[in-house]
Structures are given as C-alpha cells and as structure tokens.
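Have the viewer open beside you as you read.

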Amino acid sequence: MPSTSHLPPTVAARPASRWARLVDSDLFYSFIHSPVTILSALVTLVILAAALLAPVIAPQNPFDPATLNLMDGFTRPMQANEFTGNVYWLGTDAQGRDLFSAILYGSRVSILVGFAAVAFAAVLGITLGLIAGYRGGWVDSLIMRIADVQLSFPAILVALLIFGVFKGVVPPALQDRMAVYVLVVAIGLSDWVQYARTVRSSTLAEKNKEYVQAARVIGVPAPMILLRHILPNVMGPVLVIATIGLALAIILESTLSFLGVGVPPTQPSLGTLIRVGQDFLFSGEWWIVFFPGLTLLLLALAVNLLGDWLRDALNPRLRR
Amino acid sequence: MLAFILRRLLQSVLVMLAVALVSFGLFRYIGDPINNMVGQEATMAERDALRDSLGLNDPVPVQFLRFVANAARGEFGVSYRMARPVADVIAERLPATLELALISGVGALVIGIALGVYTALRRDGWLSNAIMGLSLVGVSLPTFLIGILLIYVFAVELKVLPAFGRGEVVDLGWWTTGLLTTSGLKSLIMPAITLGLYQLTLIMRLVRAEMLEVLRTDYIKFARARGLSNRAVHFGHALKNTLLPVITITGLQIGSIIAFAIITETVFQWPGVGLLFITAVQFVDIPVMAAYLVLIALIFVVINLIVDLLYFVVDPRLRVQRSGRGH
C-alpha cells in the first residue's frame with residue numbers, strides 16, 4: 001500500500017516538472033523581467049496569428065475582383081465613403097480594396113517568404129558549416145573562401161543578381177508563378193554565410209571534445225556524429241542568428257518587392273503594397289502606403305528586439 | 001608588412017577573377033547574345049557570321065580571357081536596352097551615385113561619432129536614452145520607408161524639397177556635379193539622409209559601445225588620476241582607441257552604401273548607377289548587369305585593401321607583430 005501511494009505523485013510530476021523546469025530556467029527569468037521583450041513577443045504573435053488566420057479574419061478577399069467595388073475607391077480610414085457609405089477601418093486603395101484585408105494577406109506572403117528563406121539559409125549554412133568544420137582540409141578552405149567572397153557583397157546585391165539570372169533563364173509565362181520560390185532561394189542564398197561561419201567555428205571546438213571522440217571510437221558514422229552529437233550542441237547561436245535573420249529576410253523581401261523584382265502584384269506582399277501605395281502619396285492618399293509600412297515596421301522591430309533579447313539571454317558573458 | 005600587402009593584393013586579384021567569372025557566365029549563358037543584337041529578319045548565315053566575328057565559337061577559356069582583357073580596359077559591350085556602349089552609360093551615371101554616397105557617408109561618420117561619444121559620456125541622460133531608442137527604430141526601419149516618409153513630410157505636405165531627381169547639374173567635362181547649384185543641393189538632402197541613416201545608427205551604436213568599454217579601463221582611470229582635463233581624457237585617450245573598429249566598419253559600410261544606393265535611387269528616381277542596375281535587372285540587360293557587378297566588386301576590393309592598410313597606420317602594434325606572421 002505505501003508503495004502505491006508514492007506512485008501517483010511521481011507519475012503526475014513528469015509534465016509538471018517539465019513546466020517547472022521551463023519556469024525555473026534562466027531564459028524564462030530574463031523573459032519575464034524584460035517588459036520590452038514581452039511586448040515584442042506579443043506584437044509578433046498577434047501579427048503572426050493575424051497573417052495565419054487571414055482568410056477567417058479579413059472582411060473581404062482583397063484579390064478576388066468580384067468582391068471589389070470601384071465606387072469604394074480611396075475611402076479614408078474610419079470615414080464613410082461619400083458614394084456608398086461603407087466604412088473601412090484602414091480605408092481602401094484605388095480599386096476599393098479594403099486595406100486591412102490587403103495587409104492581412106500581404107503579411108501572410110511576407111512572413112511565409114521570410115520563414116522559408118530563413119529555413120533555406122539555415123539548412124544550407126548549417127550543412128556546409130558542419131562539413132567544413134568536421135572535414136577540414138581543402139573542403140573547409142573552399143567553402144570558407146566562397147563564404148568570404150560572398151560576405152564582402154551586401155545581401156541585397158546577391159539577391160538582385162539571382163533574380164536577374166532567373167528572369168533571363170525562365171520563360172516569362174512561368175515567371176509570376178515561380179516568383180515566390182525564386183525569392184526564397186535568392187534571400188536564402190544571400191544569407192547562408194552567417195550560419196556556415198558560426199556553425200563551423202562551433203564544430204571546430206566541439207569535434208575534439210571527448211564525447212565526439214568516444215562516438216568516433218565506437219564506430220558511429222560521420223553523418224550520424226554530425227547530426228546527433230555535434231548539431232544539438234551548436235544550435236544555440238544558430239537560433240539567435242535565425243531570429244535576427246527572420247527580421248532581415250522580411251525586410252529584404254519587402255525591399256525586393258518594393259524595387260519591383262519580388263512577388264507579382266497579383267499576390268502582393270507588404271513591400272508590393274508599399275510600392276503601389278507610393279504612387280498615391282503625391283495626391284494626398286497617405287493611408288494606402290502608411291498602414292502597410294507601419295505593419296512592416298512593427299513586425300521587423302518586434303522580431304529584431306526578440307533576437308536581441310535572445311542573444312543577450314543565451315550569452316553567459318553578459319549575465320549579471 | 002610587404003609580404004602582408006602582397007598576399008592581400010593576390011587575394012584581391014583572385015576575388016576579382018572570381019567575380020569576372022560570374023559576370024562572364026551571365027554574359028555568355030543567359031539568353032543568346034546574338035538574338036539580342038540582331039533584328040528579327042537576320043538570316044541564319046548572318047547570325048553565324050556575327051557569331052564568328054564576335055568570337056563566340058572560340059573555346060570558352062579563350063572567350064573568358066578576352067572578356068577579362070576587355071573588362072580591364074572598361075569595355076563591356078553594348079547595352080541591349082539602350083543600344084549604347086555600357087562604359088559610356090555608366091560613366092555618365094557614376095558621378096550622381098558617388099556624390100550621393102560621399103555626402104551621406106561623411107555625414108553618417110561625423111554625426112555618428114559625435115552622437116556615439118555623447119551617448120557614451122552622458123550614459124543615463126534622458127537625451128541619450130531618447131537617441132538610443134530612436135536608433136533602434138532606425139535599424140529596423142527599411143530604407144525605402146524612410147525615403148517615403150521624408151517625401152511625404154517635406155515634399156508633399158511642407159513642399160520645401162523636391163521629391164525626385166537630381167536638380168540642376170553643372171557639367172565639369174567628365175564629371176557632372178549637383179553640389180554647385182541650389183536646386184542640386186536641395187535635391188541631395190533627402191536622398192542623403194535616407195541613405196546615411198542606417199550607417200549613422202550603426203556607427204553611433206558602435207562608437208558608444210567601444211567608448212563605454214574603453215572608459216572602464218585602467219589607463220583611463222590613471223589618466224584621470226593624473227589630473228588631466230575631461231576633454232583630454234575623452235578625446236585624447238578614449239576616442240582615439242575606439243577608432244580601430246570604427247575604421248573597419250566604416251570601410252565595409254562604404255561598399256554597402258553604394259549597394260543600398262540602389263534602393264534610395266529608386267525611391268527618389270536619382271539618376272545614378274543603382275537605378276541603372278535595377279532597370280537592367282527588370283529588362284534583363286545583361287551587359288549592364290555584368291559591368292555593374294564588376295564595378296561594385298572593384299570598389300569593394302579596393303576599399304577592403306585600403307582598410308587593411310589603414311590598420312598599420314592606426315595601430316602601432318601591428319607594425320611590430322604582423323611583419324613576419326602574415327595574415
């Protein structure tokens with residue numbers, strides 16, 4: 001009997017202890033004690049959720065021409081349209097498209113491209129970094145020299161170049177459909193160097209430690225050592241780079257779209273909305289460019305702040 | 001030191017060759033150069049004759065060497081879109097970009113260092129905190145949004161500055177300048193701010209961080225103990241030792257300024273090489289793209305080289321140590 005009365009608490013303690021461990025951790029402590037970080041996490045979550053649920057939340061589908069009424073064009077925010085009497089929170093653009101819905105769908109594209117590009121860059125960079133660090137020799141030199149050369153060029157230039165090649169190679173009929181994927185590849189390829197350099201230097205430090213030596217001695221194959229033993233130990237810094245990289249990728253995507261080489265206008269991102277809205281600035285319709293711009297700024301700022309916090313929280317040198 | 005310089009020179013040449021290879025690859029394999037040069041009516045025989053006379057049937061290494069030789073003389077062929085020699089078009093556009101980059105770079109450096117020193121010395125002042133807060137927004141604000149914001153405030157609402165173009169320019173033979181006319185200067189203000197703001201915040205935060213680090217060191221305490229004036233301690237001892245990383249970053253940022261000029265030039269329709277490049281990307285004008293790539297690479301390589309050499313001037317330790325060890 002006494003033995004069974006002991007049992008339930010230990011069984012129940014399992015999920016609780018995991019939660020307790022999280023609450024107890026340094027990371028959680030520094031999160032709770034930084035109001036700015038909590039605020040940025042909230043802003044990021046709200047924008048992410050809104051983008052994810054766009055088809056549910058948005059009052060109209062802004063890219064279905066059937067739902068648009070030209071009479072609603074240029075409605076000011078929070079004011080009734082002079083012909084139809086319709087009220088839109090954030091106003092409408094030239095075609096009577098509800099800006100709130102357009103922003104929801106636009107941030108969806110921006111965030112999607114941002115995440116995909118970061119994932120692409122991270123996978124490519126981590127793989128090359130692991131190989132370079134573990135193998136050493138000419139493989140290492142080759143990968144790192146390429147990284148050095150690429151690092152001396154700004155990301156935007158690399159991405160633009162890849163886009164130029166894409167336009168030259170792919171027939172125009174396919175270009176609009178493939179634009180999003182090319183954007184992901186272009187942004188990803190312009191940003192892998194960061195990951196590769198960080199992972200390589202951590203791998204160099206890890207590969208001579210005893211646990212790796214031990215794994216090698218008992219005959220674990222190299223790919224397995226890299227993935228199961230070394231990778232988990234080099235992920236900390238990667239997480240920080242990825243978070244800051246997400247903000248950079250979102251900004252880069254909107255910049256490319258703003259320059260007119262990003263996603264096609266039929267599937268606009270925040271950058272495309274800003275590019276289109278810029279034309280109406282001179283006639284005083286400020287809201288068409290203002291609200292997408294504000295969303296972009298809030299998103300980039302919040303993700304940047306999260307990245308800054310993560311970098312400081314994971315860096316033991318900065319702990320007070 | 002000589003060995004170090006030679007090694008860096010060799011590296012630079014290798015980088016330039018790598019970029020030339022990419023550029024040559026674009027030129028040779030993206031689209032058909034012949035199709036872009038002749039009209040629709042050209043017969044196959046005419047096309048083959050042109051192909052032969054351009055040397056497109058030679059072995060690829062020979063073509064690459066010819067490309068490099070031409071590039072070294074500044075010849076990149078004829079723009080598909082404008083039907084003019086690329087070198088002429090770029091020479092015409094370059095002054096606009098260089099003037100813009102120079103003004104915003106110098107402005108960012110001067111104001112950035114001044115604000116960095118100020119925020120480091122008055123660490124907890126309300127003005128310092130306000131500046132630091134604003135700088136965080138400055139880092140997150142995409143360049144094109146700053147430009148649009150400025151246009152809306154100063155061109156649309158206040159109507160004090162022109163929203164696009166370069167204003168009146170004065171022709172100095174091989175160089176056109178907007179710095180000598182009122183309209184040219186007025187046109188320069190907003191693009192220069194747009195381009196320089198990011199660099200300004202970067203330099204400011206860097207100078208502040210370095211200054212705070214240096215101010216904690218023993219030799220600063222000792223300098224204070226010797227009874228030196230605040231002015232001498234801050235500028236003679238502290239600031240001087242923060243300059244090394246500032247030089248590195250500034251050097252690397254000059255390259256970024258020229259690349260970021262693409263965005264600023266698009267927002268303000270500034271007639272520079274950045275705008276030329278973005279139109280080239282949109283119209284797949286390969287010769288212009290290839291030439292721009294080589295030009296930017298050259299600027300980057302030269303700047304990196306100068307930055308490395310500046311280390312020797314600024315940091316006396318390097319002159320002693322590095323001479324034997326190389327990179």
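How many residues of domain 1 of chain B are in contact with domain 2 of chain B? Point 2 has the count.

1. Some ground rules come first. This is a predicted model, in which local features need pLDDT of at least 70, side-chain atom pairs count only at pLDDT 80 or more, and totals for chains, interfaces and linings use all residues. Residues are numbered from 1 along each chain as its sequence is written, while chains are lettered from A and ligands numbered from 1 in the order in which they are written.

2. Chain B is assigned domain 1 (2-72) and domain 2 (89-326), with bounds that come from an automatic or database domain assignment. Their C-alpha centres lie 34 Å apart. To take up the opening question, 16 residues of domain 1 of chain B are in contact with 14 residues of domain 2 of chain B, where contact means that C-beta atoms, placed from the backbone, lie within 7 Å. On the domain 1 side, helix α1 (residues 2-29) of chain B supplies the largest share, 13 residues. Helices (H or I, at least four residues) and strands (E, at least two) are DSSP runs, numbered from the N terminus. By class, that side has 11 nonpolar, three polar and two charged residues; Ala, Val, Leu, Ile, Met, Phe, Trp, Tyr, Cys and Pro count as nonpolar, Asp, Glu, Lys and Arg as charged, and the others, Gly among them, as polar.

3. Next, the record for chain B. The unreviewed UniProt entry annotates "transmembrane region" over several spans, including residues 12-30 and 133-155 of chain B; such annotations are given in the numbering used here, with shortened feature names, and may be inferred rather than shown by experiment. In the model, residues 12-30 of chain B are 95% helix and 0% strand, with end C-alpha atoms 27 Å apart. Residues 133-155 of chain B are 91% helix and 0% strand, and their end C-alpha atoms lie 27 Å apart. The unreviewed entry also places "domain: ABC transmembrane type-1" on residues 94-311 of chain B, a span that is 81% helix and 2% strand.

4. Turning to chain A, you will find 13 helices and zero strands. Of its 320 residues, 43% count as buried, that is, with 20 or more other C-beta atoms, placed from the backbone, within 10 Å of their own. Its C-alpha atoms fill a box of roughly 80 × 65 × 35 Å along the principal axes.

5. Where do the two chains meet? The contact takes 32 residues from chain A and 31 residues from chain B. On the chain A side, α7, α11 (222-258) and α13 (287-314) each give two or more residues, and α7(A) gives the most, with 10 residues. That side divides into 22 nonpolar, nine polar and one charged.

6. Helix α7 (residues 155-169) of chain A also packs against helix α8 (residues 172-189) of chain A, at an angle of about 145° and with axes 9 Å apart. The axes are lines fitted to C-alpha atoms over the stretch in contact, and angles run from 0 to 180 degrees between N-to-C directions. Among the residues that meet are A:Phe163 and A:Phe166 in α7(A) and A:Val182 and A:Val185 in α8(A). The residues of this contact divide into 10 nonpolar, one polar and one charged.

7. Finally, helix α10 (residues 210-217) of chain A lies largely in the open, because zero of its eight residues are buried. A:Gly219, with a positive phi near 90°, follows α10(A).

How values were computed
Two residues are in contact if their C-beta atoms, placed from the backbone, lie within 7 Å. A residue is buried if 20 or more other C-beta atoms lie within 10 Å of its own, exposed if 12 or fewer, and partly exposed in between; C-beta atoms are placed from the backbone.
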